[in-house]
Amino acid sequence: MIISFMWGLDGKHIAYEAHTFDSMKFILTAAFAGGLLALPVQTRAILRNGLTSADIARKINEYYCCFYTSYFLMTCSAATPFIAWQYNISSSLMWWAGLLYWIAALLTQFYAANQIQELKKLAIAINEGLKEQKAINSRGWLAELKQGSNLSAELIESIYLKLVSQYILQGDTREQELAGENWLLNDAWYETKMAEFNERLNSKLTHSSDELKSLFANRLNLPSAANDDLLNRYLDCGSYYSFSDGRKFVSFHYVDELCTCTSCGLSDIRSVNGTEHVNHEWYCSDVCRETEKLCLEIHERPQAEFISSAAMNGLILMTLPEVWNTNEKMFATGGQGHGFAAERGNHLVDKARLKDSHILGDDNAKNGADRLVNGTEIQTKYCATAARSVGAGFDGQNGQYRYYDSNGTPMQLEVPKDQYAKALETMQNKIRDGKVPGVNDPVEATKLVRQGHCYGSVRMIKGNKGIGGNFREQVG
């Protein structure tokens with residue numbers, strides 16, 4: 001830089017007149033190069049906006065390459081008079097060559113400075129956007145950032161994903177896939193809006209789909225398609241239930257006010273039918289009651305006969321489409337199967353915990369144990385509700401407990417993990433009613449009911465707000 005200043009102040013060193021454009025132009029590039037040395041200051045400003053040195057390492061290397069390339073071009077420009085004199089080339093031609101070298105050096109410096117400024121501007125724009133905007137279409141915003149920047153599309157996308165991911169992991173932003181588009185939602189604002197919506201929901205027990213849309217009224221300022229998709233897929237404050245007059249949404253605040261048919265899943269409001277169904281199975285019709293009875297009878301048969309009967313009776317039951325549509329339990333994991341998959345799932349967990357575990361239920365012995373764990377005989381019952389899981393261990397709704405080991409001791413009844421508390425309550429009531437011969441103290445229910453390792457239903461799990469936001473997990 002000192003040498004280039006000397007070229008500008010005293011052109012004689014490079015065969016130019018002093019204080020002319022031919023010499024003074026080098027002072028301009030030298031001064032601009034001095035500004036480029038402020039890179040550490042620019043870098044710190046970039047790093048304060050959430051990026052790391054590794055994220056911008058390639059751009060910093062490019063910056064220094066441009067810095068040294070500009071000086072190489074300046075040197076070539078300064079050397080052109082000597083080249084013309086040495087090789088007897090036209091001085092006019094070499095003057096133009098020298099000017100082009102100088103312009104190339106100046107443009108190289110401008111490019112390096114512009115790229116660093118664009119990098120800082122991009123990081124600031126993304127951070128401010130995520131803090132100030134409440135709902136952002138991720139793809140559209142990224143396209144706008146690419147269009148408004150001179151940086152490469154690949155670098156912009158890399159920095160964008162890095163900063164957005166940080167906000168998501170910190171819990172400041174959530175990402176939702178809605179109607180085929182990714183949306184970035186300010187988390188605090190989203191929670192506030194949804195809390196207000198929940199309060200409105202609690203004003204009424206049931207809501208139709210149209211009522212739900214009207215009540216939501218685009219609180220999140222989303223396009224209609226995204227708004228409807230959010231209501232259909234991500235509304236975690238309640239669930240849809242089937243009623244006699246159609247499908248209705250019920251807030252979890254009122255879920256205990258419902259009773260649901262054990263067979264077909266049709267729901268009803270307790271205050272309407274006037275019956276309490278907390279610890280008992282409930283059927284909406286005699287058809288559903290007979291359907292469940294038939295399913296249980298089929299299940300108790302030996303394996304070969306079970307498969308044959310299930311197929312034959314299944315075809316008969318198919319003539320009851322409304323019932324059978326939601327009553328596939330004998331053929332789908334997680335339904336009426338009384339633990340076909342759960343036996344193996346719990347068995348694998350016990351094995352992983354180094355317990356002496358064996359599956360016994362495959363022989364379909366009448367009232368025989370399903371599993372043997374450390375010498376304890378276990379009967380696995382995974383049904384739709386806790387009352388049903390416990391009730392499956394008895395001879396009908398009012399019958400006696402039917403699973404005893406060779407010593408006459410009641411076997412442990414293994415139920416889904418998420419049903420354990422209700423199952424204990426149900427078993428205590430059964431003991432009080434004298435339905436468990438040999439057991440009189442309801443406290444003994446804790447010895448009779450065993451908490452399985454697996455869950456028995458679809459649960460909504462609120463994740464760590466990583467990319468994807470809330471998610472559903474199929475268990476059991």
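Phe394, Tyr401, Tyr403 and Tyr404 form one aromatic cluster. Rings of Phe, Tyr and Trp (its six-membered ring) pair if their centres lie within 6.5 Å; planes under 30 degrees apart count as stacked, over 60 as edge-to-face and the rest as tilted. The model is predicted: local features need pLDDT of at least 70, side-chain atom pairs count only at pLDDT 80 or more, and totals for chains, interfaces and linings use all residues. Residues are numbered from 1 along each chain as its sequence is written, and side-chain values use heavy atoms, with hydrogens and water left out.

**Aromatic pairs**

- The structure holds 11 aromatic pairs.
- One of them joins phenylalanine 67 and tyrosine 71 in a tilted arrangement, 5.9 Å centre to centre with 50° between the planes.
- Both of these residues, phenylalanine 67 and tyrosine 71, belong to helix H4 and stand 4 residues apart, about one turn of the helix; helices (H or I, at least four residues) are DSSP runs, numbered from the N terminus.
- Phenylalanine 67 is buried at 10% relative accessibility, and tyrosine 71 is buried at 17%; buried means under 20% relative accessible area, exposed over 50%, partly exposed in between (1.4 Å probe, protein chains only).
- The ring centres of tryptophan 141 and tyrosine 160 are 5.7 Å apart and their planes meet at 75°, so this pair is edge-to-face.
- Because tryptophan 141 lies in helix H6 (residues 138–147) and tyrosine 160 in helix H7 (residues 153–169), the pair ties together parts that are 19 residues apart in sequence.
- Tryptophan 141 and tyrosine 160 are both buried.

**Buried polar residues**

- Asparagine 127 is located in helix H5 (residues 91–132) and is buried, with a relative accessible area of 10%.
- A polar atom of the asparagine 127 side chain lies 2.8 Å from the backbone oxygen of alanine 123.
- Leaving aside residues up to four places away in sequence, asparagine 127 touches Asn49, Leu163 and Tyr167, where contact means heavy atoms within 4.5 Å.
- Threonine 80, in helix H4 (residues 57–87), is buried at 2% relative accessibility.
- The threonine 80 side chain reaches the backbone oxygen of serine 77 at 2.8 Å.

**Nonpolar surface**

- Ile83, Tyr87, Ile89 and Leu93 make a nonpolar surface patch of about 400 Å²; patches are made of residues with over 30% relative accessible area and no salt bridge, nonpolar side chains (Val, Leu, Ile, Met, Phe, Trp, Tyr) being joined within 5 Å and like charges within 9 Å.
- A salt bridge is a side-chain nitrogen of Lys or Arg within 4 Å of a carboxyl oxygen of Asp or Glu.
- Isoleucine 89 sits in the loop between H4 and H5 and is partly exposed, with a relative accessible area of 33%.

How values were computed. Helices (H or I, at least four residues) and strands (E, at least two) are DSSP runs, numbered from the N terminus. A polar contact is a pair of N or O atoms within 3.5 Å; within protein, one must be able to donate a hydrogen and the other to accept it, and residues adjacent in sequence count only if both atoms are side-chain atoms. Accessible areas come from the Shrake-Rupley method with a 1.4 Å probe; for residues, only the protein chains shown count as cover.
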